[in-house]
Amino acid sequence: MSLYLTTPAGTALSRTGFNSGVWKPAIRATGVPDNRHNGMHVLRHTYASVLLDAGESVKALSAYLGHSDPGFTLRIYTHLLPASEDRTRRAIDHAFADDPQTPDGLETA
C-alpha cells in the first residue's frame, strides 16, 4: 500500500502531524483565520459531502469514515442529502421517458 502523506522518514503522517505541520501553516499563509471552522476536520466533512453528492450510500460512507453506526453518520450529514432530490427527479424522469435506456445503452425492462 502506498502512503500519500508521509513524514520525512517515510512513515504515515498522523492527523496531529498533518494539522500542525501542514494544514495550519498553509491556511495561515493564505490569510484564512486559524480557527475551528477552518480546521483540518473540514477535510473530513468535505470528503463526506462529495461522496454523498455523488450518490454514495450512507452505509458505505459510514464504513469509510470509521463510524460503527450508519445512523450516526446519517445524523451528522443529513443536511447534505437534499441534493438527492435532484437524483430522485432524474430517476423518475428516466423511468417515464419515451425511450428509457440504462446509462450503458441497454433497454430497461
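Me: How many helices and strands does the protein chain have?
Reply: Happy to start there, with a predicted model in which local features need pLDDT of at least 70, side-chain atom pairs count only at pLDDT 80 or more, and totals for chains, interfaces and linings use all residues. Residues are numbered from 1 along each chain as its sequence is written, and side-chain values use heavy atoms, with hydrogens and water left out. Helices (H or I, at least four residues) and strands (E, at least two) are DSSP runs, numbered from the N terminus. Along the sequence the pattern reads α-α-α-α-α, and the count is five helices and zero strands.

Me: What percentage of the residues in the protein chain is buried?
Reply: Buried means under 20% relative accessible area, exposed over 50%, and partly exposed in between (1.4 Å probe, protein chains only). Of the 109 residues in the protein chain, the buried ones make up 14%.

Me: Which residues form the largest nonpolar core?
Reply: A nonpolar core is a set of buried Ala, Val, Leu, Ile, Met, Phe, Trp, Tyr and Cys residues joined through side-chain atoms within 4.5 Å. In soluble globular proteins, nonpolar side chains tend to be buried together. Here the largest such core has six residues: Ala48, Leu51, Leu52, Leu61, Leu65 and Tyr77.

Me: Which helix supplies the largest share of this core?
Reply: Two helices, α2 (41–53) and α3 (58–65), each supply at least two residues of this core. The largest share is three residues, and it comes from α2.

Me: How are α2 and α3 oriented to each other?
Reply: Axes are lines fitted to C-alpha atoms, for helices over the stretch in contact, and angles run from 0 to 180 degrees between N-to-C directions. The axes of α2 and α3 come within 10 Å and cross at roughly 155°. Angles under 35 degrees count as roughly parallel, over 145 as roughly antiparallel, 65 to 115 as roughly perpendicular and the rest as oblique. The two helices, α2 and α3, are therefore roughly antiparallel.

Me: Which residues does leucine 65 touch, not counting residues up to four places away in sequence?
Reply: Leucine 65 belongs to the largest nonpolar core and is among the buried residues of α3. Its partners are Arg44, Tyr47, Ala48, Thr73 and Tyr77.

Me: What covers the buried residues of α3?
Reply: The buried residues of α3 are Ala60, Leu61, Ser62 and Leu65. What covers them includes α2 and α4 (70–77).

Me: How is α3 oriented to α4?
Reply: Their axes, those of α3 and α4, come within 8 Å and cross at roughly 100°. That makes α3 and α4 roughly perpendicular.

Me: Which residues of α4 meet α3?
Reply: The residues of this contact of α3 with α4 divide into six nonpolar, two polar and one charged. On the α3 side are Val58, Lys59, Leu61, Ser62 and Leu65, and they meet Pro70, Thr73, Leu74 and Tyr77.

Me: How far apart in space are glycine 55 and arginine 87, C-alpha to C-alpha?
Reply: Glycine 55 has its place in the loop between α2 and α3. With a relative accessible area of 42%, glycine 55 is partly exposed. Glycine 55 and arginine 87 are 32 residues apart in sequence, and in space their C-alpha distance is 8.2 Å.

Me: Is tryptophan 23 buried or exposed?
Reply: Tryptophan 23 sits in helix α1. Leaving out residues up to four places away in sequence, tryptophan 23 touches Phe18, Asn38, Gly39, Met40 and Leu43. Its relative accessible area is 19%, so tryptophan 23 is buried.

Me: Which residues is asparagine 38 in contact with, leaving aside its neighbours within four places in sequence?
Reply: Asparagine 38 lies in the loop between α1 (15–30) and α2. At 22% relative accessibility, asparagine 38 counts as partly exposed. Its contacts are Trp23, Ile27, Val32 and Pro33.

Notes: Contact = heavy atoms within 4.5 Å. Nonpolar A, V, L, I, M, F, W, Y, C, P; charged D, E, K, R; others polar.
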